[in-house]
Amino acid sequence: MINKTITKVTTHVLQEMKLKGEKIAMLTAYDYSMGLILDQSGIDVILVGDSASNVMAGHKTTLPITLNEMIYHASSVVRGVTRALVVVDLPFGTYQGNSKEALNSAIRIMKESGAGAVKMEGGMEIKESVERILTAGIPVMGHLGLMPQSIHKFGTFVVRATEDKEADKLIEDAILLEKIGCFAIVLEKIPAKLGRIVTEKIKIPTIGIGAGQNADGQVLVTHDMLGITQEFSPRFLRRYHNLYEEIKGAVSCYIDDVKSSDFPNDKEQY
Ligand code: KIV
């Protein structure tokens with residue numbers, strides 16, 4: 001149910017939601033129109049994900065998308081949003097190298113898009129960059145588990161942290177991200193049991209995507225949950241619509257109407 005008492009979602013609101021046990025609903029958007037629809041539907045958080053690289057640009061991975069492209073998507077979304085917190089992914093290669101570059105990337109996103117926070121993939125490895133960004137007053141959402149920007153290191157999109165060593169590191173990283181000041185953490189494609197352990201161990205909200213029902217919130221890629229994308233079908237994905245077929249059907253009708261001169265009719269012209 002939508003919480004109508006919240007007029008603007010902030011990082012503090014998300015913290016209170018965790019305390020009250022109220023689940024956080026997050027979805028992705030990359031453009032003004034989708035941002036507007038999601039916001040007016042009452043979504044809590046809109047993620048301008050670097051999944052735009054796949055969904056919008058047709059790349060196989062999230063690696064090619066640039067900072068300028070993310071800023072373009074983010075500023076378009078922000079123009080349609082009044083209530084939701086807009087979080088923007090720092091794209092691959094704009095924060096891993098050194099913390100000064102990371103800070104500059106985050107500042108550009110905040111200044112040029114008007115978003116409310118950034119998201120970064122990784123734990124201990126990116127500690128310095130996260131700290132420096134936080135020092136500038138920019139809220140940071142962490143991202144652990146399957147980290148698509150590291151797909152060439154992982155070599156596969158299978159469930160992460162099924163072995164103790166990786167699970168222990170993930171727990172340590174989550175505690176570290178909380179300690180240095182992140183306001184929430186996305187947990188992607190990890191065992192539900194581990195999702196629960198992390199969620200219970202830290203006080204900041206966890207947002208799961210394939211991390212089980214105990215996470216404090218859930219996120220899906222909007223194009224996947226609406227069934228616009230077809231090829232991607234992981235177990236965690238619940239499809240709420242088959243827009244691919246619906247759009248195809250509507251487009252076929254339009255083509256038929258144009259070809260048969262049924263469109264435009266008398267009332268549809270001047
Ligand atoms: O880029 C993205 O859409 C994401 C979500 C899958 C969490 O990071």
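Rings of Phe, Tyr and Trp (its six-membered ring) pair if their centres lie within 6.5 Å; planes under 30 degrees apart count as stacked, over 60 as edge-to-face and the rest as tilted. This is a predicted model, in which local features need pLDDT of at least 70 and side-chain atom pairs count only at pLDDT 80 or more, while totals for chains, interfaces and linings use all residues. Residues are numbered from 1 along each chain as its sequence is written, and side-chain values use heavy atoms, with hydrogens and water left out.

**View A. The aromatic pair of F232 and F236.** The structure holds 2 aromatic pairs. One of them joins F232 and F236 edge-to-face, at 6.4 Å centre to centre and 70 degrees between the planes. F232 is partly exposed, at 38% relative accessibility, and F236 is also partly exposed, at 22% (buried means under 20% relative accessible area, exposed over 50%, partly exposed in between; 1.4 Å probe, protein chains only).

**View B. The charge of R160 and the ring of F154.** The charged end of R160 sits over the F154 ring, 4.0 Å from its centre. This description requires NZ of Lys or CZ of Arg within 6 Å of the ring centre and within 35 degrees of the ring normal.

View C. All 6 of the 6 residues of strand β5 (residues 140–145) are buried, so the strand is largely enclosed by the rest of the structure. Strands (E, at least two residues) are DSSP runs, as are helices (H or I, at least four), numbered from the N terminus. Strands pair if DSSP finds at least two bridges between them. β5 and strand β6 (residues 184–188) are parallel and share 5 bridges; H143 stands opposite V186 in β6.
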